[in-house]
Amino acid sequence: MRRLIPSLMIMLLLASEALSAATLLGYEQRVVLAAEQIKRIKKDPAYSDDGIASIKELLPESEQIRIEGRVVTVDNSWLHSLLNSYKASRDAGQRLAYLDEAESRLRALDRQLLQPQNNSQNATAAGDPHEKIREILSRSTFQPKTESPIAAFIKKMWDRVMDFLKQILDAFMRLLASLFGASSGGNWFAIAVIVAALVAALIGVLRITRNRRLSGKRAAKRTVLGEEIEAGMTARELAESAIEAARRGDFRRAMRGLYIALLYEMAERDLVELDESATNHEYLARVSRFSALTAPMRYLTERFDYFWYGMFPSSEQDYTAYLARYKEAVEQVERLGREPVRA
C-alpha cells in the first residue's frame, strides 16, 4: 500500500492535466514529486527502476505549460539525460553523484518557479513573472549536458581496456581447463599454487596502491561540489582567489569560491570531511551539530543555491553581504576547530 500511494498521486496529477497544456502550478508540483522520487531512490536503490519510470512520466522530455493564455515549451531532457547516465553507470559513487545533481537542480528549479508566483503582486514593478519563467526554463542549467570529445574518448578507451582484460581472463581460464581438465591430486595442488600466487600478487598491488594513496592524499587534486581544486590549495588561497574574482566583477563565481573555501576551512580543522559526491545541503546537515555555525552556514548555502544553481545575476551588494556572513562563519570555525587560530 505504501508503494501504491505515490503512484496514485502521480496518476491523479497527470490525469488532471492530460486534456490540455499543463498549468504552472501543476508543473511545479510535479517537479517537487520528481525530487522526492529521487530522494527515495537514494534511500532504496531497489526502487530505482520504478522510481525512474515515475519521474519520466511526471516530467516528459518536452511538454507545454499554459500561463494565463500563453504557452511555454519546457525542455526536461536534461533530467532524462542524468537518469539515463545513472542507469548506465556501474560505479556507486558516480551513480549517487548523478542523483544528487538531479535532485539539487530540481529543488533549485522549484524555488525559482515559486518565486514569480509569490511575487506576482509586484509584477508591474519587477517585470512580467511569466516572462521570467520563460527565461528560467531556457537556462543552460536545465538543458541536457553534452559529452565532451575528451570524455567520450576516455570512455571509449576504458571500454576497450576492459574488453581486453576480459579476453585475457577468458583465455587464462581456458588454459587452466586444458591443462587441468582431467583433475587429479597433483593437478589440484598446481591450481591451488597458481591461485595463491595470484591472490598474493593482488594483495601486494592493493597495499602499494593504498600506501601511495595515503602518502599523496594531501597532494592530490580534490573535487568539491563538482569543481576540481588544484593540489595543495588551502582555504586561505581559495578565499583569496574568490576575492580576486569579485574584483573582476564576477560576483557569482566569487560567492561559489567563498563557499568552497569555507568547506576547506572546516575540513582543515576536522569539522567536516570533504566528499566528492556530497551536495551543499549535505554539508549543511553535517555541520548542524555546531549550533553557532548553523545560521551563517544556512544563509551561505541558500544564497549559493540561488545564485549558482539558480543562475540568477548577482551584484556587488549581494557579494558584500555574502562575504560578511562568510567571515562570520570562519570566525566560528576557528573557535570550534582543533588547530590554532591563524593570525
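**Figure 1. Burial and overall makeup of the protein chain.** Of the 343 residues in the protein chain, 35% are buried. Buried means under 20% relative accessible area, exposed means over 50%, and partly exposed lies in between (1.4 Å probe, protein chains only). The model is predicted: local features need pLDDT of at least 70, side-chain atom pairs count only at pLDDT 80 or more, and totals for chains, interfaces and linings use all residues. Residues are numbered from 1 along each chain as its sequence is written, and side-chain values use heavy atoms, with hydrogens and water left out. The chain has 14 helices and five strands. Helices (H or I, at least four residues) and strands (E, at least two) are DSSP runs, numbered from the N terminus. A contact means heavy atoms within 4.5 Å. Take the contacts between residues at least 6 apart in sequence: 66% of them join residues at least 24 apart.

**Figure 2. Helix α11 beside helix α14.** Two packed helices are described by the angle between their axes and the distance between the axes. Axes are lines fitted to C-alpha atoms, for helices over the stretch in contact, and angles run from 0 to 180 degrees between N-to-C directions. How do the axes of α11 and α14 cross? Helix α11 covers residues 251-268, and helix α14 covers residues 316-336. Their axes come within 10 Å and cross at roughly 5°. That makes α11 roughly parallel to α14. Angles under 35 degrees count as roughly parallel, over 145 as roughly antiparallel, 65 to 115 as roughly perpendicular, and the rest as oblique. On the α11 side, the contact residues include Phe251, Leu258, Leu262 and Met266. On the α14 side, they include Tyr319, Tyr322, Tyr326 and Val333. The residues of this contact divide into 15 nonpolar, no polar and four charged. Here Ala, Val, Leu, Ile, Met, Phe, Trp, Tyr, Cys and Pro count as nonpolar, Asp, Glu, Lys and Arg as charged, and the others, Gly among them, as polar.

**Figure 3. Helix α10 against helix α11.** The axes of α10 and α11 come within 8 Å and cross at roughly 170°. The two helices are therefore roughly antiparallel to each other. From α10, the contact uses Ala235, Leu238, Ala239, Ala242, Ala245 and Ala246. From α11, the partners include Phe251, Arg253, Gly257 and Tyr264. This contact divides into twelve nonpolar residues, one polar and three charged. Glu240 is also found in α10. Glu240 is partly exposed, with a relative accessible area of 47%. Glu240 and Ala261 are 21 residues apart in sequence and 9.1 Å apart in space, C-alpha to C-alpha.

**Figure 4. The largest nonpolar core.** A nonpolar core is a set of buried Ala, Val, Leu, Ile, Met, Phe, Trp, Tyr and Cys residues joined through side-chain atoms within 4.5 Å. Which members of the largest core touch the most other members? They are Val224, Leu262, Leu263, Met266, Met297 and Tyr326, out of 44 residues. Helices α10 (235-247), α11, α12 (280-286), α13 (291-309) and α14 each supply at least two residues. Helix α11 gives the most, with eleven residues. Apart from this core lies another, of 26 residues, among them Ile41, Leu58, Val72 and Trp78. Now zoom in on Met266. Not counting residues up to four places away in sequence, Met266 touches Leu271, Val272, Val287, Leu293, Met297 and Val333.

Figure 5. A salt bridge is a side-chain nitrogen of Lys or Arg within 4 Å of a carboxyl oxygen of Asp or Glu. A search of the whole structure finds eleven. Glu103 pairs with Lys42, and their closest N and O atoms are 2.8 Å apart. This pair links distant parts of the chain: Glu103 is in α5 (residues 92-118), Lys42 is in α2 (residues 24-43), and they are 61 residues apart. Glu103 counts as buried, at 12% relative accessibility. Lys42 counts as partly exposed, at 26%. Arg105 and Glu101 also form a salt bridge (2.9 Å, N to O). They are four residues apart in α5, so about one helical turn separates them. Arg105 counts as buried, at 5% relative accessibility.

Figure 6. The side chains of Asp305 and Arg111 meet in a salt bridge (2.7 Å, N to O). Asp305 lies in α13 and Arg111 in α5, so the pair ties together parts that are 194 residues apart in sequence. Is Asp305 buried or exposed? Asp305 counts as buried, at 4% relative accessibility. Arg111 is partly exposed, at 38%. Elsewhere, salt bridges that share partners join Glu36, Lys42, Asp100, Glu103 and Arg107 into one network.
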